[in-house]
Amino acid sequence: MKVTVFGIGYVGLVQAAVLAEVGHDVMCVDIDENKVNALKKGNIPIFEPGLAPLVQKNYEAGNLHFTTNAKTGVEHGSIQFIAVGTPPDEDGSADLKYVTAVARTIAEYMIEHKIVIDKSTVPVGTADKVRDVMAAELRQRGCQLSFDVVSNPEFLKEGAAVADCMRPERIVLGTDNSAAIEPLRELYEPFNRNHDRMILMDIRSAELTKYAANCMLATKISFMNEMANLAELLGADIEKVRQGIGSDPRIGYHFIYPGSGYGGSCFPKDVQALIRTAEHIGYQPKLLQAVEQVNNQQKHKLAQFIQQHFGNDIQGKIFALWGLAFKPNTDDMREASSRVLMETLWQLGATVQAYDPEAMSEAQRIYGQRADLRLMGTKEAALQDADALVICTEWQNFRVPDFDLMKKTLKQPLIFDGRNLFDPDRLYARGFTYYAIGRGASV
Ligand code: NAD
C-alpha cells in the first residue's frame, strides 16, 4: 500500500521503517531539511536499536523515501500518518500547532480520498479539530473531497521501538466510519498474524487510551518513589518491598522500580496534558497532580543526597556522572533526571564529568561548550579525580563495574545511585559509601 508519514522523529521514522520492511511503499515527509538530507545519505538522526539497518535497507530497496516536499507526500499515500510532535504549550496543554499544520497541508494538496491517521499523542477532541481544519481548507479550495480521520495512538517504547512496532501488543484504532477499518486491517495485517491485536473503538476513547496508558505507568513509578521515600525514613529496603509486592500477580513485577524520577518525551508531558484537559472541563485530577508532584520532587533526590553528604562544601567538587539519557538504549535526554542533577550541581559550583553510551552528542547539543561539563570517552575516564560517582541511567554496562579500579580512580569511594544498580551490603564490604533510592535500612 502507498503510505505517507508526516514527521520522522522517534515515532514516524520507526513506523515508516517497519511499514516499508513488510513491503508497503512509504514516503516520509519532514520540515527539517537537515534530517531529510541526513537520512538520504544513510545517516540516522536518532539512536534506536535495529533502526539504522532497517532504514538503510529499505531506502536502498526503494520502499522508503524521504522528502521535505509536502505536496509530493500528500500525492503519494492513500493513507497519511500524522506523527509530528505535540510538545507542551505554555500552560502544559498539548500544543497542536504541528498536527493542525499537517492536517491543513493534506487538505491543501489532496485530489482524492485520504485516510488521515493521527499517530501523535493528542488530547480527546483533536480528531474533530483535524476534521474541521481539513474541511475549512477544502472549502477554501472549493473542493468537495471526502476523507476519514482515524485515531491510532502509538505505544512504542524508546529503546525497543523497532521490536514494539514489529510485534505490537495492541493496535488501537478509533474511528467513526467502519469503512475506514478495512484498509487499515490490510495495512497492519503483517503485524497482526499471530492473533488479532486490533482493538477497535470510537475516536475519543482511542485518544484517551493513550493518555490513560502513560498516566497509569507514570503513576506506578511515582507510587514506588513515594514508597521508596517512606522506606528510607522507616529504615526499610524498597528493593525487598518491591519483590514482596511484585509477587502478587495483581501487582506484578513490571514497572515498579524506584529511581530518580521518570523523564522522556512522553510521561511528563502526557501527565501534564491530561491534567490540563481535566481542568479545562472543570474536573480536579488529584491523583495525576500528585503523580507529577512526586516525580518533580524525586528528580531532586540525588542532589539532596549530595547536599546531605557534603553540606555546603560542593563548590569546586567534581562529580562523575554515568548516564545522561532518560533511560537506557536511547540517546533521548528530554526531561531526563540527569539534567536536573547537572543543573543543580552547576548552580552549586560543581563540575560534572559525564559519560553515556549514546547521549553524548545530545548533551553537547543541549549544553554546548561549558567549563563545568566535561564529556568523557569512557565510564572509567569519567571517574578520574572525581569526588563521587552519580548514576542517573541504568545502562547494562554500568551494572558490573570494576569496583577496585573505581576505588583507585575516585578521590573517595562514594556513589550516589539513582537507579539502585548495586547491592548495598557488597559495596559497604568493599569500603564504599553508597546512597541509593529507598534503601534506608542499609545506608
Ligand atoms: P519528534 O520530536 O522526535 O519528531 C517529530 C518530527 O515532526 C520532527 O522531525 C519535526 O521536524 C517533524 N515535523 C514538525 N512539523 C512538521 C510538519 N508540518 N511536517 C512534517 N514534519 C513535521 O517526536 P516523537 O518523539 O516522534 O513524537 C511524535 C508524537 O508521537 C508525539 O505526539 C509523541 O507524544 C508521540 N509518541 C512518542 C513516543 C516516543 O517514545 N517518542 C511514543 C509514543 C507516542
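Biologist: V130 has 26 C-beta neighbours inside 10 Å; does V130 count as buried or exposed?

Modeller: The general idea is a neighbour count: with C-beta atoms placed from the backbone, a residue is buried if 20 or more other C-beta atoms lie within 10 Å of its own, exposed if 12 or fewer, and partly exposed in between. V130 counts as buried because it has 26 such neighbours inside 10 Å. Bear in mind that this is a predicted model, in which local features need pLDDT of at least 70 and side-chain atom pairs count only at pLDDT 80 or more, while totals for chains, interfaces and linings use all residues. Residues are numbered from 1 along each chain as its sequence is written.

Biologist: Where is the place of V130, and which residues does V130 touch?

Modeller: V130 sits in helix 6, where helices (H or I, at least four residues) and strands (E, at least two) are DSSP runs numbered from the N terminus. Leaving out residues up to four places away in sequence, V130 touches V99, T100, A103, V116, D118 and V149, a contact being a pair of C-beta atoms, placed from the backbone, within 7 Å.

Biologist: What does an exposed residue look like here, taking G431 as the case?

Modeller: G431 counts as exposed, because it has 10 C-beta neighbours inside 10 Å. G431 is found in the loop between helix 18 (424-429) and strand 14 (433-436), and, not counting residues up to four places away in sequence, it touches K407 and P413. From G431 to C165 there are 266 residues in sequence and 45 Å in space, C-alpha to C-alpha.

Biologist: Which residues does UniProt list under "binding site", and how far are they spread in space?

Modeller: Such annotations may be inferred rather than shown by experiment, and the UniProt positions follow the numbering used here, with feature names shortened. The record, an unreviewed entry, places "binding site" at D30, K35, T86, T121, E158, K269 and R334. They are spread over 305 residues of sequence and, in space, up to 23.9 Å between C-alpha atoms.

Biologist: Why does D30 count as buried, and where does T121 lie?

Modeller: D30 is buried because 24 other C-beta atoms lie within 10 Å; its place is in the loop between strand 2 (25-29) and helix 2 (33-40). Beyond its neighbours within four places in sequence, D30 is in contact with G7, I8, K35, V36 and T68. T121 lies in the loop between strand 5 (114-118) and helix 6, and T121 counts as buried too, with 24 C-beta neighbours inside 10 Å. With residues up to four places away set aside, T121 touches T86, P153, K210, C266 and D270.

Biologist: How many residues surround the ligand, and which are the closest?

Modeller: A residue is near a molecule if its C-beta atom, placed from the backbone, lies within 6 Å of it. In this structure 26 residues surround the ligand, the closest being G7, G9, V11, S120 and T121. Helix 1 (10-21) and helix 5 (97-109) each supply at least two residues of this shell, which has 13 nonpolar, eight polar and five charged residues.

Biologist: What is the phi of N329?

Modeller: Phi of N329 is near 65 degrees, a positive value in a residue other than glycine. N329 lies in the loop between strand 9 (318-322) and helix 14 (337-347), and it counts as partly exposed because it has 19 C-beta neighbours inside 10 Å.

Note on methods:
Ala, Val, Leu, Ile, Met, Phe, Trp, Tyr, Cys and Pro count as nonpolar, Asp, Glu, Lys and Arg as charged, and the others, Gly among them, as polar. Two residues are in contact if their C-beta atoms, placed from the backbone, lie within 7 Å.
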